[in-house]
Amino acid sequence: MSIADNLTRIRKELSPYNSTLIAVSKTHPAEAVKEAFEFGQVDFGENKVQELQDKKVLLPEALHWHLIGHLQTNKVKYISPYVHLIHSIDSLKLLEEVNKQGVKNNRVIPCLLQVHIAQEETKFGADEHDIRTWFSTNALDQFEHIKIKGFMGMASLTDDQQKIKQEFFQLKKLFDECAKHYIKPNTDWTDLSMGMSSDYKLALDEGSNMVRIGSAIFGNRDYTI
Ligand SMILES: *Cc1c(COP(=O)(O)O)cnc(C)c1O
């Protein structure tokens, strides 16, 4: 299957859900990104700042770049001038740095809070308790150069569909709760980023409106090169 065939198939699946497709291009070359872009794909996701920087310079300005992987505070400055959406905010310290870079670049940087929903210890993210604390206090109010647009979550890596569904359901519930109770000047509650190649159909059924799909578009990743 070509990139164009894969995009066509996935777009068809997403259309009833009105979901935004982020094409995750990590480990794939700029030429593959260009091929997808020429086929109408605008939003791309990378999980490493260096790889994103290297690819960005080879590609048209019109692309929207999403940072979806763990972000270290000392790397925020590199992506701040242009990043379209940061999906992986998991601490107030990181928000503080993004806000600072927003001031420097004279822009409001759109962000998602990454919420830990999987059972595995290895997945990054804030937990539900942190989220409720941040929203019910004034912890977020000082960040005028950030727009918090919703949540990102990754389900457990398991074949247990029921468990994956439950994790997505839990995040949708928190998303709705925040939409109802915690409107702030720097929130704009529109994005629920959940679902990858292996579980995006489950995520869509649980209310995702943004999916991050890599291998189902670009093929399997080769980490050895
Ligand atoms: C790699 C990655 C994806 C996409 O994974 P696929 O299984 O290739 O679809 C989605 N989200 C994050 C955070 C990733 O790092």
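I looked up N106 and noted that, at 65% relative accessibility, N106 counts as exposed (buried means under 20% relative accessible area, exposed over 50%, partly exposed in between, with a 1.4 Å probe and protein chains only). The model is predicted, with local features needing pLDDT of at least 70 and side-chain atom pairs counting only at pLDDT 80 or more, while totals for chains, interfaces and linings use all residues. Residues are numbered from 1 along each chain as its sequence is written, and side-chain values use heavy atoms, with hydrogens and water left out.

**Entry: the asparagines**

I placed N106 in the loop between α5 (92-104) and β5; helices (H or I, at least four residues) and strands (E, at least two) are DSSP runs, numbered from the N terminus. N106 is not a glycine, yet has a positive phi of about 55°. I then turned to N18, in the loop between α1 (3-14) and β1 (20-24). N18 also is not a glycine and has a positive phi of about 55°. N18 is exposed, with a relative accessible area of 69%.

**Entry: the strands**

I followed β5 (residues 109-116) and found that it pairs with β6 (residues 146-154) in the parallel sense over eight bridges; two strands pair if DSSP finds at least two bridges between them. In this pairing, H116 stands opposite M154 in β6. I next recorded five bridges between β6 and β7 (residues 187-194), which run parallel. Here G150 stands opposite D191 in β7. From β6 the chain passes through helix α7 (residues 161-181) to β7, a right-handed β-α-β crossover; right-handed means that, with the strands pointing away from the viewer, the path from the first strand over the helix to the second runs clockwise.

**Entry: the helix pair**

I examined α6 (residues 128-136) against α7 and noted an angle of about 5°, with the axes 12 Å apart. The axes are lines fitted to C-alpha atoms over the stretch in contact, and angles run from 0 to 180 degrees between N-to-C directions. That angle makes α6 roughly parallel to α7 (under 35 degrees; over 145 is roughly antiparallel, 65 to 115 roughly perpendicular and the rest oblique). I listed E128, I131, R132 and F135 in α6 as meeting Q170, L174, E177 and C178 in α7, where contact means heavy atoms within 4.5 Å.

**Entry: D5**

I located D5 in helix α1. At 39% relative accessibility, D5 counts as partly exposed. From D5 to Q142 I noted 137 residues in sequence and 46 Å in space, C-alpha to C-alpha.
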